[in-house]
There are 2 protein chains.
Amino acid sequence: MKTYLDCLPCFMRQALWAGRIATDDEKKIKELLDHVGCMLQDIPMDSTPPQTGDLIYRKIREITGVFDPYKKIKQANIKDALKLYPELKQIVNKSDNRLLTAIRIAIAGNIIDFGVNKTFNLEEDIRKILKQDFAIFHFQQFVEQLERAQSILYLGDNAGESVFDKILIGELGKPVTYVVRETPVINDVTFSDAVDSGLDQVAKIISSGSSAPGTILNLCNDEFIRQFEKADMIISKGQGNYEGLSAVDRPVFFLLKAKCEVIAKHLNVKEDDIVLKISDKISQRSIQ
Amino acid sequence: MKTYLDCLPCFMRQALWAGRIATDDEKKIKELLDHVGCMLQDIPMDSTPPQTGDLIYRKIREITGVFDPYKKIKQANIKDALKLYPELKQIVNKSDNRLLTAIRIAIAGNIIDFGVNKTFNLEEDIRKILKQDFAIFHFQQFVEQLERAQSILYLGDNAGESVFDKILIGELGKPVTYVVRETPVINDVTFSDAVDSGLDQVAKIISSGSSAPGTILNLCNDEFIRQFEKADMIISKGQGNYEGLSAVDRPVFFLLKAKCEVIAKHLNVKEDDIVLKISDKISQRSIQ
């Protein structure tokens, strides 16, 4: 997905939020905003938003000297999600369709996102998403692909959400490789966050090699690219991964909640809609 | 009022909105955002937000070549407000306190503001504001000052809102000078907008001499400054005028709805609260 004009003010807003989480020093935050404001002119509009996110968060690290501003927030989110884990597992156990319920739970976890929203009510939003209609619902294709797949590549998004991913991974019944960011960026899940979320118990964890808050293939390392190219099913969580991969010709299933107008428009859904979507190129090929 | 860090992303957002109203050419809008993004580093944080607004809207005129992007919107808003005028007048006629009701109506008109909000429901918001509690309510001081005043300087804000101002001016019972912007900026009221609103029937109309979307004294012309310095009562409408005048030592009464978090914090009220506030310096002096 390309960068839209609406993304530009949003980059500034994100820089302000993240700057405030990294430091109380208003002068440093102003310096950060000055830099980000001037960086915007160098952003090619055909680059994806997480590429710019990567540049912004590098600048945050550089100016504030804080390597992982969201560390405490991530730890708290993982802790809160782990407390909910037994209840979430019970919801799956009691459901008529375990896989679909686990998918809904994995999407519900996607509300834990400080890149887009500052505040959320986790338990309330879970209840809502468990009943919410999907705006795009390629569940049948998901089930068919899952049956055929030898193994699954699962692209993580946020720390905390990662605990919800564990629920879905437990229902897939296939070997799963869980992909994390190489470097802390916003509250995105890193290797240690994934381990803290208990994902090492259900999946092999690898890094994408990238510090972008989304999967940008040309920023990823060779190991990830190899896995991505050979995978017979890829599950991609959240907006950042969708933004980077929306146009790829691989069997990707995007699980996300549309949290901004730009993404909603790109997906032809409404803001706050939930989506289970197969990648367009694979979908078009199966129709032909 | 100074510029806060939160104002910086908002300047970008405002530039995007205004750019889209001025032109459909995405490249020109991108050029505008590039310029505004880079301008931010030169903004002194102790300048008031309308000073930056002035620079941004100059840039919009320069890049798009459109002198008054909001012209049609302003004309439509004035037309809509004029349709409501007889009904508003009836509301005042039927009320127990004509002056207070007219003040409420004048504040209700302040929701017509494309600088802060893109959308509003005029009739619904009027009904709400007619019943809404004031978060700051210096009505007694307003009445006392009005009784003593020989004449009143009334600082207009938006076109359309200007029709609502006519209702309040009709209840003041003193000679009124109505101040408009020199140059079109956002949807702020200019001389011709004021005439179209019928204000020439109830007030003398003068220009502030400034193209800023707010009253910044050092950007105003000599005639306005003279009137401002000798006025024994000043009524200031809206956020932009408040931002420019919040610290002045003149008998200013601010009538506004707090439409953003920054203003709300500065006034120590909540977003969407309505305010009738005497300037702090005059208020402090009367307490001493």
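I began with the spacing of the two domains in chain A: 25 Å separate the centres of domain 1 of chain A and domain 2 of chain A, taken over C-alpha atoms. I note that the model is predicted.

I then looked up the contact between these domains. Domain 1 of chain A contributes eleven residues and domain 2 of chain A contributes 14 residues. I recorded its make-up by class as six nonpolar, four polar and one charged residues.

For the bounds, I took the domain assignment of chain A, which gives domain 1 as 7-64 and domain 2 as 71-287.

Next I turned to the pair of chains. I found that chain B is superposed on chain A by a rotation of 180° with 0.0 Å of shift along its axis, at an RMSD of 0.0 Å. The two copies are therefore related as by a two-fold rotation axis. I also noted that the same surface serves both copies, since 100% of the contact residues of chain B recur in chain A.

Which elements build the contact between the chains? I counted 17 residues of chain B in contact with 17 residues of chain A. On the side of chain B that touches chain A, α1 (7-22) and α2 (26-39) of chain B are the elements that give two or more residues. I found the largest share, seven residues, in α2(B). By class, I listed ten nonpolar, two polar and five charged residues on this side of chain B.

Note on methods
Residues are numbered from 1 along each chain as its sequence is written. Chains are lettered from A and ligands numbered from 1 in the order in which they are written. This is a predicted model: local features need pLDDT of at least 70, side-chain atom pairs count only at pLDDT 80 or more; totals for chains, interfaces and linings use all residues. Copies are superposed by least squares on the C-alpha atoms of residues with pLDDT of at least 70 in both. Two residues are in contact if their C-beta atoms, placed from the backbone, lie within 7 Å. Helices (H or I, at least four residues) and strands (E, at least two) are DSSP runs, numbered from the N terminus. Ala, Val, Leu, Ile, Met, Phe, Trp, Tyr, Cys and Pro count as nonpolar, Asp, Glu, Lys and Arg as charged, and the others, Gly among them, as polar. Domain bounds come from an automatic or database domain assignment.
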